[in-house]
Amino acid sequence: MAWFDNFWQIYSNLVLTIGINALLALSIWLTLSCGLLAMANAAFMGIGAYTASILTMNYGAPFPLALAGGIAAPTLVALLIGGPTLRLSGVYLAMATLGFGEVVRVMILNAESLTGGALGLNGIPQSTQWWHVVVALVVTLLILWRIRRSRIGRAFEAIKEDAVAASLMGIGVNAHKMLAFALGASIAGLAGALNAHLTFFIGPSEYGFDRGVDILTMTILGGTGGLTGPVLGALIITLLPELLRGFKDFRTMINGAILVLIVLFLPKGLWDPQRVRQWFGKRGAR
């Protein structure tokens with residue numbers, strides 16, 4: 001097992017980052033499953049990361065309590081801003097949530113005594129272990145799988161297809177949108193708390209527009225037709241920069257080209273359940 005010890009010593013942070021990114025991709029998958037193009041997940045991740053880190057560093061809170069705070073804070077914020085924000089739809093909702101993310105970033109920069117301002121927080125205890133990430137990811141997948149197969153999941157699908165028709169069928173559109181938005185925020189906050197206690201440093205630049213686009217790209221690339229897609233997208237987006245490291249200055253260009261080609265030729269993402277069933281059906285017929 002010496003090879004595994006060497007591998008884990010070198011790549012443990014990368015492997016755990018894949019799990020954390022999978023949580024982030026699932027957080028935006030949940031809102032997309034309800035027809036919400038909300039781009040606030042990076043901000044919710046930042047709120048969770050800073051809340052958990054401040055609880056640990058300033059108040060000596062144990063790690064489980066810090067994780068609970070990292071989940072509760074963005075969930076509460078989502079409930080507060082969800083009322084006026086979720087009345088919007090499409091690109092207007094995306095713009096409003098992007099604006100909210102910028103507000104969060106500016107607030108972090110200005111609260112220097114608490115957040116460290118532009119310098120961020122350094123020396124966060126490295127409490128995140130591999131099993132923390134595994135348990136968080138497995139429990140999240142189980143909860144989302146159960147929601148998807150429940151009446152709530154069917155209501156999400158109906159709202160995604162046609163919110164007006166869903167409302168006429170007696171579905172509480174606003175309540176279900178709020179539920180998806182708040183649950184997505186809680187998952188993003190959990191990912192932020194785990195990431196902060198893995199990297200032991202966080203800064204406001206980590207939770208801006210670029211991170212929001214990365215989270216959305218993971219889900220769209222993997223596919224929104226099931227829970228496998230976001231996890232697959234997180235795996236690819238996390239590993240791709242490492243695999244292309246040898247290309248140096250051309251790495252970003254090749255990374256972007258690969259993503260563009262996938263979006264053009266696989267518009268439903270890499271993991272499309274219908275395409276997979278058809279493929280296996282053809283193989284079975286042969």
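Visitor: What gives the most to the lining of the largest cavity, and with how many residues?

Guide: The answer is α4, which gives the most to the lining of the largest cavity, with 4 residues. Before we go further, please keep in mind that this is a predicted model, in which local features need pLDDT of at least 70 and side-chain atom pairs count only at pLDDT 80 or more, while totals for chains, interfaces and linings use all residues. Residues are numbered from 1 along each chain as its sequence is written, and side-chain values use heavy atoms, with hydrogens and water left out.

The structure holds 1 cavity of 30 Å³ or more, a cavity being a set of points on a 1 Å grid over the protein atoms alone where a 1.4 Å probe fits but cannot get out. The volume of the largest cavity is about 40 Å³, counted as the space filled by probe spheres set on the points, which are joined across faces, edges and corners. Its lining, meaning residues with an atom within 4 Å of a point, is made up of Ala42, Ala43, Gly46, Gly101, Val104, Arg105, Ile108, Pro204 and Tyr207. Both α2 (41-59) and α4 (90-110) supply at least two residues each to that lining; helices here are DSSP runs (H or I, at least four residues), and strands are runs too (E, at least two), numbered from the N terminus. By kind, the lining residues divide into 6 nonpolar, 2 polar and 1 charged, where Ala, Val, Leu, Ile, Met, Phe, Trp, Tyr, Cys and Pro count as nonpolar, Asp, Glu, Lys and Arg as charged, and the others, Gly among them, as polar.

One of the lining residues, Arg105, leads us to a further feature, since the side chains of Arg105 and Glu102 meet in a salt bridge at 2.5 Å, N to O; the term asks for a side-chain nitrogen of Lys or Arg within 4 Å of a carboxyl oxygen of Asp or Glu. Both residues belong to helix α4, where Arg105 and Glu102 sit 3 residues apart, about one turn of the helix, and a search of the whole structure finds 1 salt bridge. Arg105 is partly exposed at 27% relative accessibility, and Glu102 is partly exposed as well, with a relative accessible area of 39%; buried means under 20%, exposed over 50%, and partly exposed in between (1.4 Å probe, protein chains only).

Residues up to four places away in sequence aside, Lys177 touches Cys34, Leu36, Leu86 and Ile159, contact being heavy atoms within 4.5 Å.

Conventions
1 Å grid on protein atoms, 1.4 Å probe; cavity = no way out; pocket = protein on both sides within 12 Å on 5 of 7 lines; lining within 4 Å.
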